[in-house]
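Please read this briefing with the sequence and the model side by side. It goes through a few parts of the fold, one topic at a time.

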Amino acid sequence: MKIARGCGAVSGRSPEVFRAMESLEVRSDDIILAGYPKSGTNWVGQILSDLVAIFEKKTQNKESSVNDEELEEFPYLEIGDTGKYERMNKLPSPRVIFTHLLPENLPKSIFKNKAKILLLIRNPKDVATSFYHFSNGMSPLPSYETWDDFFIAFMTKKMPWGCYFEYLSEWNKYADDENVMTITYEELKKNPVLGVENIAAFLGISLTEKELQSVVERSSFQSMKKNAQKTHGAFGNVLFRKGGISDWKNLFSEDQNEKMDKAFEEHIGGTKLGIKLKYEVYCKA
Ligand code: A3P
């Protein structure tokens, strides 16, 4: 399946779509990219797209689809019409599927058939910061007069796709499953070569040094931002904003820092995902 580019901002999550979603027959070789909005889905999606293209070229002697921008199916599971899942059932393997949903809302066959799930997480302060700028730049999403208004909405579960903390604590229940690999935005940013190697190993895809370098180069923030107009059209500029760590320091007040620190500790502090996020490193001033 070719991966269509997109921002995932417009939700088509009607009850009919959810009902239709159950007809999706998830396969054991499907790759599910799960992440709360603004955790870097488009970035990791680019990496997966290239890895799958390399895999297909090697194993099926198929021409690389690396430069093919043809949209076969919008990659976000929950965004689309009710006919989407029947069409997806006809797509060849391996399919790459993005989702912002909680595990309990996913088609049961994902877990039954042990599809590989790559769980992408990012520190909550940078997620909130990114979400704020994104909401104000994307007309289908609610916009906020001030950062303070946004912060209240973020902390009181008023976000499209739900609450960040609930998302992490629900996914934490699956963090030890053998078919689930967790990666953080921050670790990928700090060491993209190692990050891509780990993702490839999890998917069972072997890479030459040259292939590895090319996947890393093509998924760098600079490369993706440069291509944004082509890959994401008008959304490109809003989506590829800063691409870094700690931009939250430009927005959070002392009081907001305290509130976020407390909520983090309460909801996910000691959990496997909470520890993996290295909150002390990335979220303390
Ligand atoms: P910022 O708003 O902090 O810049 P998503 O794809 O889940 O919507 O996440 C968007 C966030 O990922 C944005 O964060 C965006 O800049 C960042 N991002 C996108 N591509 C990236 C890349 N190649 N490297 C690092 N960050 C990237």
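This is a predicted model: local features need pLDDT of at least 70, side-chain atom pairs count only at pLDDT 80 or more; totals for chains, interfaces and linings use all residues.

Residues are numbered from 1 along each chain as its sequence is written, and side-chain values use heavy atoms, with hydrogens and water left out. Helices (H or I, at least four residues) and strands (E, at least two) are DSSP runs, numbered from the N terminus.

**The sheet**

- An open sheet is formed by 4 strands in the order E2-E1-E3-E4, with parallel pairing; two strands pair if DSSP finds at least two bridges between them.
- Strand E2 (96-99) and strand E4 (180-184) are at the edges and have a single partner strand each, so one side of each has no neighbour in the sheet.
- On average, neighbouring strands of this sheet are turned by 20° against each other, direction ignored; axes are lines fitted to C-alpha atoms, for helices over the stretch in contact, and angles run from 0 to 180 degrees between N-to-C directions.
- Between strand E1 (residues 31-35) and E2, the parallel pairing runs over 4 bridges.
- Opposite Ala-34 stands Thr-99 in E2.

**Helices on the sheet**

- Helix H2 (residues 41-60) packs on the sheet and touches E1, E2 and strand E3 (116-121), where contact means heavy atoms within 4.5 Å.
- The direction of H2 makes about 165° with that of E1.
- Helix H9 (residues 192-203) lies across E1, E3 and E4, and runs at about 170° to E4.

**Helix H5**

- The 14 residues of helix H5 (residues 124-137) should span 20 Å at 1.5 Å a residue, and the end C-alpha atoms are 20 Å apart, which agrees; the expected span of a helix is 1.5 Å times one less than its number of residues.
- H5 is largely enclosed by the rest of the structure, because 11 of its 14 residues are buried (buried means under 20% relative accessible area, exposed over 50%, partly exposed in between, with a 1.4 Å probe and protein chains only).
- The buried residues of H5 include Val-127, Phe-131, Tyr-132 and Phe-134.
- These buried residues pack against helices including H6 (147-155), H7 (164-172) and H14 (254-267).

- Thr-184 is in strand E4 and is buried, with a relative accessible area of 4%.
- Not counting residues up to four places away in sequence, Thr-184 touches Leu-120, Ile-121, Lys-276 and Leu-277.
- Leu-102 sits in the loop between E2 and helix H4 (109-112) and counts as buried at 14% relative accessibility.
- Leu-102 touches Glu-166, Tyr-167, Glu-170 and Trp-171, again leaving out residues up to four places away in sequence.
- From C-alpha to C-alpha, Leu-102 and Tyr-36 are 8.9 Å apart in space, although 66 residues separate them in sequence.

**Cysteines**

- There are 0 disulfides in the structure; a disulfide is a pair of cysteine sulfur atoms within 2.5 Å.
- Cys-163 is in no disulfide, and the nearest cysteine sulfur, that of Cys-283, is 15 Å away.
- Cys-163 counts as buried at 10% relative accessibility, and Cys-283 is buried with a relative accessible area of 0%.
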